[in-house]
Amino acid sequence: MAKAARAAAAWRTYREVTKPGSPALMTRVRAIPRMIGAVMRGQYDGMGKGKLSLLALGVVYIVSPVDVLPDFLMLIGVADDFGVFLWLVASLLGESGRYVQHERSVIQSRVEGPVEGLEQA
């Protein structure tokens, strides 16, 4: 059941990345450091520091030599790492895609300028 959910999440991420008009894969990858910085500075409300912390814990879990299910249990030990990896990649690509869209909307609003008839403070 969990394998099917991970496979479905990977498929949804693939479809989102390849959807016309959506940010390309490398655009999303390059946006990840900017997104992390914006979240840390409080400039991007689309993702909270709590979710960023969970993503960081996912990275730590993958690179850590200590596992919940040890890797010497061949299939099970590797499967949990792979599941965390899939979740991490899907989450990062999804969030960075939303961040790129946010950046584009901010840039577009700056280019268009203030709406006529509204007073500026």
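From the N terminus on, the elements of the protein run α-α-α-α, and the secondary structure comes to 4 helices and 0 strands. Helices (H or I, at least four residues) and strands (E, at least two) are DSSP runs, numbered from the N terminus. The model is a predicted one, in which local features need pLDDT of at least 70 and side-chain atom pairs count only at pLDDT 80 or more, while totals for chains, interfaces and linings use all residues. Residues are numbered from 1 along each chain as its sequence is written, and side-chain values use heavy atoms, with hydrogens and water left out.

- Of the 121 residues in the protein, 29% are buried; buried means under 20% relative accessible area, exposed over 50%, and partly exposed in between (1.4 Å probe, protein chains only).
- The protein exposes about 8600 Å², of which carbon and sulfur atoms supply 67%; accessible areas come from the Shrake-Rupley method with a 1.4 Å probe, and for residues only the protein chains shown count as cover.
- Among contacts with a separation of 6 or more, 60% are accounted for by residues 24 or more positions apart; contact means heavy atoms within 4.5 Å.

- The side chain of R28 reaches the backbone oxygen of L93 at 2.8 Å.
- S22 is found in the loop between α1 (2-18) and α2, and is buried at a relative accessible area of 18%.
- The side chains of S22 and R28 are joined by a polar contact of 2.8 Å; a polar contact is a pair of N or O atoms within 3.5 Å, where within protein one must be able to donate a hydrogen and the other to accept it, and residues adjacent in sequence count only if both atoms are side-chain atoms.
- Leaving aside neighbours within four places in sequence, R28 is in contact with E16, V17, S22, P23, L93, G94, S96 and G97.
- S22, not counting residues up to four places away in sequence, touches E16, V17, R28 and Q101.

**Salt bridges**

- The whole structure holds 3 salt bridges, each defined as a side-chain nitrogen of Lys or Arg within 4 Å of a carboxyl oxygen of Asp or Glu.
- R34 and E103 meet through their side chains in a salt bridge (2.9 Å, N to O).
- This pair links distant parts of the chain, with R34 in helix α2 and E103 in helix α4, 69 residues apart.
- R34 is partly exposed, with a relative accessible area of 38%.
- A salt bridge also brings together the side chains of E95 and K51 (3.0 Å, N to O).
- E95 is buried, with a relative accessible area of 5%, whereas K51 counts as partly exposed at 33% relative accessibility.
- E95 forms a salt bridge with R98 as well, and the closest N and O atoms are 3.2 Å apart.
- Both E95 and R98 lie in helix α4, 3 residues apart, about one turn of the helix.
- R98 counts as partly exposed, at 42% relative accessibility.

**Aromatic pairs**

- The structure holds 2 aromatic pairs; rings of Phe, Tyr and Trp (its six-membered ring) pair if their centres lie within 6.5 Å, and planes under 30 degrees apart count as stacked, over 60 as edge-to-face and the rest as tilted.
- The rings of Y44 and Y99 have centres 4.9 Å apart and planes at 80 degrees, so this pair is edge-to-face.
- Y44 counts as buried at 6% relative accessibility, and Y99 counts as buried at 7%.

**A nonpolar surface patch**

- L25, M26 and V29 form a nonpolar patch on the surface, with about 250 Å² of accessible area together.
- Patches are made of residues with over 30% relative accessible area and no salt bridge, like charges being joined within 9 Å and nonpolar side chains (Val, Leu, Ile, Met, Phe, Trp, Tyr) within 5 Å.
- L25 is found in helix α2 (residues 25-41) and counts as partly exposed, at 42% relative accessibility.
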